[in-house]
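User: I'd like to learn how to read a structure like this one. Can you take me through it feature by feature?

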Amino acid sequence: MSSLLLPPHPASAGAARRWAAPLLPADVRDPVVLVVSELVTNAVAADAAAGAADDIEVELVVDPPHGHVVLAVTDASDKPLPPSPTQVPGDEDGGRGLLLLDVLADDHGWAPRPRGAGKCVWALFRCACTPHPLRTTAPPPLECADAA
């Protein structure tokens, strides 16, 4: 498992993309990086709406034995994840993040944060994973993914 703590600032989405990309198998790199960006952007907005200054935690598990990548992003908001929109007007600047999550991830959900206030939004991507060159064993599963 690899994790990253980011401040609730708009620039954190770009930092999360740059951190995640080299950790991911090529066959899922683009969709996972796009979802990382969307979920971190949503977490920044959720923290701002909650008036929180807590760091956003991003976790990635690349699991070659089970052929998947799990992404989890925590925020300080206790609000449930809203349903994904079926369409977004073309002239809207936002509102596509959860729609992209629906389309790009093989499974996704959310759970209350295991420790403290907030929630964890997770996404699972199936892949033809190969082990990271520095890792010899599969990482442990994410706590928040188990809660869903």
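Analyst: Helices (H or I, at least four residues) and strands (E, at least two) are DSSP runs, numbered from the N terminus. In helix 1, the buried residues are S12, A13, G14, A16, W19 and A20. Two notes on the source: this is a predicted model, where local features need pLDDT of at least 70, side-chain atom pairs count only at pLDDT 80 or more, and totals for chains, interfaces and linings use all residues. Residues are numbered from 1 along each chain as its sequence is written, and side-chain values use heavy atoms, with hydrogens and water left out.

User: What do the buried residues of helix 1 pack against?

Analyst: Packing is read from contacts, meaning heavy atoms within 4.5 Å. The buried residues of helix 1 pack against strand 1 (2-6), helix 2 and strand 2 (56-63). Take G14, which lies in helix 1: its relative accessible area is 8%, so G14 is buried. From G14 to S37 the C-alpha distance is 6.9 Å, although the two are 23 residues apart in sequence.

User: Let's zoom out. How many helices and strands does the chain have?

Analyst: There are 4 helices and 5 strands. Their order along the sequence is β-α-α-β-β-α-β-β-α. Of the 148 residues in the chain, 42% are buried. For surface, accessible areas come from the Shrake-Rupley method with a 1.4 Å probe, and for residues only the protein chains shown count as cover. The chain exposes about 7,800 Å², with carbon and sulfur atoms supplying 56% of that.

User: Now helix pairs. At what angle do helix 1 and helix 2 cross?

Analyst: Axes are lines fitted to C-alpha atoms, for helices over the stretch in contact, and angles run from 0 to 180 degrees between N-to-C directions. Angles under 35 degrees count as roughly parallel, over 145 as roughly antiparallel, 65 to 115 as roughly perpendicular, and the rest as oblique. Helix 1 (residues 12-20) and helix 2 cross at roughly 150°, and their axes come within 8 Å. Helix 1 and helix 2 are therefore roughly antiparallel.

User: Which residues meet there?

Analyst: From helix 1 come S12, A13, A16, R17 and A20, and from helix 2 come V33, V36, S37, V40 and T41. For the classes, Ala, Val, Leu, Ile, Met, Phe, Trp, Tyr, Cys and Pro count as nonpolar, Asp, Glu, Lys and Arg as charged, and the others, Gly among them, as polar. The contact of helix 1 with helix 2 has 6 nonpolar, 3 polar and 1 charged residues. As background, an α-helix has 3.6 residues a turn, so residues three or four places apart point the same way.

User: What about helix 2 and helix 3?

Analyst: Helix 2 (residues 29-50) packs on helix 3 (residues 97-104) at about 150°, with the axes 9 Å apart. That angle makes helix 2 roughly antiparallel to helix 3. On the helix 2 side, the contact uses P31, L34, V35, E38, L39 and N42, and helix 3 brings G97, L98, L100, L101 and L104. By class that gives 8 nonpolar, 2 polar and 1 charged residues.

User: Is the crossing of helix 2 and helix 3 left-handed or right-handed?

Analyst: A crossing is left-handed if the near helix is turned anticlockwise from the far one by less than a right angle, and right-handed if clockwise. Helix 2 and helix 3 cross left-handed, while the crossing of helix 1 and helix 2 is right-handed.

User: Last one: where is C129, and what is in contact with it?

Analyst: C129 sits in the loop between strand 5 and helix 4 (143-147). With a relative accessible area of 12%, C129 is buried. Leaving aside neighbours within four places in sequence, C129 is in contact with P25, V62, D63, P64, G67, H68 and V69. C129 and D63 are 66 residues apart in sequence, yet 7.0 Å apart from C-alpha to C-alpha.

Terms used
Buried means under 20% relative accessible area, exposed over 50%, partly exposed in between (1.4 Å probe, protein chains only).
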